[in-house]
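Time to look up a few things and jot down what turns up.

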Amino acid sequence: MSDEDYGAFALEGARHEDGILTKDAPSATPDGEGLARLRDQHFQRGLARFNAARLQPGRPHTGWLAQLQDEASWQRAEGQFIEDLRKAVASRLPTQWFDTDDFMGWFDGLRRTGPGQGHRLFAWLAEEASLSQMCWFLRQEAAGEAGFDDLLAMTQVKLPTRAKLEFARNYWDEMGHGKERAMHGEMLAVMVRTMKLEPAIETTVSESLALANAMLAMASTRRYALLSVGALGVIEMTAPQRVAQVSAGMKRLGLDGRMRAYFDLHAMLDVHHSKAWNSEVIRPLVESDPDCARFIGEGALIRLLCGEQCFERYSLELMPGIGP
């Protein structure tokens, strides 16, 4: 979408397969608490399109005022979406933690007790999924990928030095230490191209779009920066087992190492990232300001809850009659 088109989009709307999306579309979504917005396909597709447009590098244009008005409308709806998710996870948070060690013990425990952990979808992918079923799963995951490198870059702004340094080390890993073929995003892109997955907003379930939309909202909105810290940290902590099972299923189906590289790398590297993230980012933040623990915890639970909703929707699509 060009910058001039964006201005027209904000004023008049753009036609999509599911109808007319205008700047007033967010208000059509009910303001109910819980997971209503997460499962609202029209809202999540609209927000995903808005995010795709606003993140593209642009140029000065005459429609900038209309663009700002449109952004304000979507950001209000995005904020309500995150507030709904905060309410949805509130009951899962302890009322308080005694000290930093207590919080870190609770946070570490999320790898076992958090929403979606040990979901049977991944054993099924490793052991039973057909090639077409695996491709559907990978297409959904690729379409819902928010870009960990960009999320890191947005979240680290103005964080304390110790945390920023760990973000930088993590980002450098994401960038393949300066080698294009080793960039994590490029590894994923190679898999998508080689397998001809062709991910698209219109063919992606709302839960997958909601996961990406929530991660981007937390990373790009400074009032949610601590939530983003928790969300990114819990990804590093919980991903290795899942991606190892995905890779095992791909190997069983005869997909070669180049197509599995993204998953194989994260099955190993994220273990080390998680340890460093907990010791260099989360622990120091909580030690310096115990009040931030709740918000880091909220972000972690939001990420896990969104993931759980994805796993359950994938199970309904792929495993009819037996899951979830």
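I started with the helices that each give at least two residues to the lining of the largest pocket: H2 (41-54), H6 (131-143), H7 (148-155), H9 (184-194), H10 (206-220), H11 (225-252), H12 (257-288) and H13 (293-318). Helices here are DSSP runs (H or I, at least four residues), numbered from the N terminus.

Ground rules next: this is a predicted model, where local features need pLDDT of at least 70 and side-chain atom pairs pLDDT 80 or more, while totals for chains, interfaces and linings use all residues. Residues count from 1 along each chain as its sequence is written, and side-chain values use heavy atoms, without hydrogens and water.

I then looked up which helix gives the largest share of that lining, and H10 does, with seven residues. By class, I found 29 nonpolar, ten polar and nine charged residues in the lining; Asp, Glu, Lys and Arg count as charged, Ala, Val, Leu, Ile, Met, Phe, Trp, Tyr, Cys and Pro as nonpolar, and the others, Gly among them, as polar.

Next came Glu236, in helix H11. The Glu236 side chain does make a polar contact of 2.8 Å with that of Asn170.

Last, I checked Val190 in helix H9. Val190 counts as buried because its relative accessibility is 15%. Its C-alpha atom is 9.4 Å from that of Ala261, 71 residues apart along the chain.

Key: Polar contact = N/O pair within 3.5 Å; in protein donor to acceptor, adjacent residues only side chain to side chain. Buried < 20%, exposed > 50% of the residue type's maximum accessible area, 1.4 Å probe, protein only.
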